[in-house]
Protein chains: 2
Amino acid sequence: MKIYHSPASPFVRKVMIVAREVGLADRIELLPAKAGPVDRDATIRAENPLGQVPTFATDDGAVLYDSRVIAEYLDDLGRGGLFGTGAERWRNLTDAALADGLMGAALLARYETFLRPAEFRWPAWTDGQMGKVADALGRLEGEVAGYGARFDIGTIGFVCGLGYLDFRFPDLGWRDAHPKAAAWFAAMGERPSVKATIPV
Amino acid sequence: MKIYHSPASPFVRKVMIVAREVGLADRIELLPAKAGPVDRDATIRAENPLGQVPTFATDDGAVLYDSRVIAEYLDDLGRGGLFGTGAERWRNLTDAALADGLMGAALLARYETFLRPAEFRWPAWTDGQMGKVADALGRLEGEVAGYGARFDIGTIGFVCGLGYLDFRFPDLGWRDAHPKAAAWFAAMGERPSVKATIPV
């Protein structure tokens, strides 16, 4: 199996944590990639018209994307159990969607404040995206006490989202107003799959 | 069941087509909503920190999002069969991700050229997003001859994506370079679930 990979992408990180947790990481070849929304990667685009990481190829040569699809494929192929069944599955998937929304909003804010030329930046856009991030953090802070030993596609997503905030928004100081989420994130950080995938 | 709904959203449309196809549409109450990325909807945010449509509530009061999760929940609860199993499922989900990517890119291009004040617009950003749309259209044109009678979460996504291009980018003229996709889209448009959900 192969994956177009970037060590900075929180969506790639989610897939790589899943790969490690289900026992498949050493069967996946990492293909370095530099995907961007303006300078679009021609190599990835030939496989995936969206030109995004992660893009994945199975041993049969089928190309799968995006991160949600790859994560579920790996869970199904490997040890599994990260998605759950019944009501637990819908909860996990909704948490995963919230985490993806947090990461997507943070990524758009990053593009706005880093990639876009300064004269074309619109503060209200960044505020809207970071408002999503703030609302998602607030939800996490309110619910994290009930997570117990949960380690599933939803909580993996939150780990990737919080890790991305630390990586790209080190001055945000999200821990100040979210001490429970901060303690939970620190505990999750002890897990080998999380430790091995810290963004660089 | 309830759904925060906008008749303009291609992601809402996807869910509503699924609801009709699996026989659940008349059990879902539509809650009108005006979600936006800058003026964020406070009512939706209270349920879903992302403040987006579609946001859905089950009869048990569980709140589910985003469109992928709701679509799969409805498929599971109703007549089902729109996701498939085995290799077909991964193909359908990847096509659905491609369609979501097309819709997301078109939505970002729309925000850039419609919502954002003119002085803050960055043409390279719009080009990048519409490049994604063009690449996705090219893939569809190349593969649509093999779709046969497919009507699943992947092809539903393409219907919603093409319908959104007609709705918001009427001058794009995507049919000119994609005659096979255009013929396929016209045939899909005869389906009652598709006809009943044309964006307005």
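**Domains, dimer and helix packing**

Analyst: Chain A is divided into domain 1 (2-77) and domain 2 (86-192). Those bounds come from an automatic or database domain assignment. This is a predicted model: local features need pLDDT of at least 70, side-chain atom pairs count only at pLDDT 80 or more, and totals for chains, interfaces and linings use all residues. Residues are numbered from 1 along each chain as its sequence is written, and chains are lettered from A and ligands numbered from 1 in the order in which they are written.

User: How far apart do the C-alpha centres of domain 1 and domain 2 of chain A lie?

Analyst: They lie 21 Å apart.

User: And how many residues of domain 1 of chain A are in contact with domain 2 of chain A?

Analyst: Ten residues of domain 1 of chain A are in contact with eleven residues of domain 2 of chain A. Contact here is for two residues whose C-beta atoms, placed from the backbone, lie within 7 Å.

User: Which helices supply the domain 1 side?

Analyst: Helix H1 (10-21) and H3 of chain A each supply at least two residues of it. H1(A) has the largest share, with six residues. Helices (H or I, at least four residues) and strands (E, at least two) are DSSP runs, numbered from the N terminus.

User: What is that side made of, by class?

Analyst: The domain 1 side that touches domain 2 of chain A has seven nonpolar, no polar and three charged residues. Ala, Val, Leu, Ile, Met, Phe, Trp, Tyr, Cys and Pro count as nonpolar, Asp, Glu, Lys and Arg as charged, and the others, Gly among them, as polar.

User: How many residues meet across the chains?

Analyst: 35 residues of chain A are in contact with 35 residues of chain B. On the chain A side, helix H3 (67-77), helix H4 (86-115) and helix H5 (123-143) each give two or more residues. H5(A) gives the most, with nine residues. By class, that side has 20 nonpolar, six polar and nine charged residues.

User: Why do you say the copies meet through the same surface?

Analyst: Because 100% of the interface residues of chain A are also interface residues in chain B.

User: Now the helices. At what angle do H4(A) and H5(A) cross?

Analyst: Roughly 150°, and their axes come within 9 Å. Axes are lines fitted to C-alpha atoms, for helices over the stretch in contact, and angles run from 0 to 180 degrees between N-to-C directions. H4(A) and H5(A) are therefore roughly antiparallel. Angles under 35 degrees count as roughly parallel, over 145 as roughly antiparallel, 65 to 115 as roughly perpendicular and the rest as oblique.

User: Left-handed or right-handed?

Analyst: H4(A) passes H5(A) in a left-handed crossing. That term applies if the near helix is turned anticlockwise from the far one by less than a right angle, and right-handed if clockwise. Residues making the contact include A:Leu98, A:Leu102 and A:Ala105 of H4(A) and A:Trp125, A:Met130 and A:Val133 of H5(A). By class, the contact has ten nonpolar, four polar and three charged residues.

User: And how do H4(B) and H6(B) pack?

Analyst: Helix H4 (residues 86-115) and helix H6 (residues 153-168) of chain B pack at an angle of about 15°, with axes 7 Å apart. That makes H4(B) roughly parallel to H6(B). H4(B) passes H6(B) in a left-handed crossing. Among the residues in contact are B:Ala99 and B:Met103 of H4(B) and B:Gly157 and B:Gly161 of H6(B). This contact has eleven nonpolar, five polar and five charged residues.

User: Last thing. Which residues does a cis peptide bond join in chain A?

Analyst: A:Val53 and A:Pro54, with omega about -5°. A:Pro54 is in the loop between helix H2 (42-47) and strand S3 (55-57) of chain A.

User: What about a cis bond in chain B?

Analyst: A cis peptide bond joins B:Tyr65 and B:Asp66, with omega about -5°. B:Asp66 lies in the loop between strand S4 (63-64) and helix H3 (67-77) of chain B.
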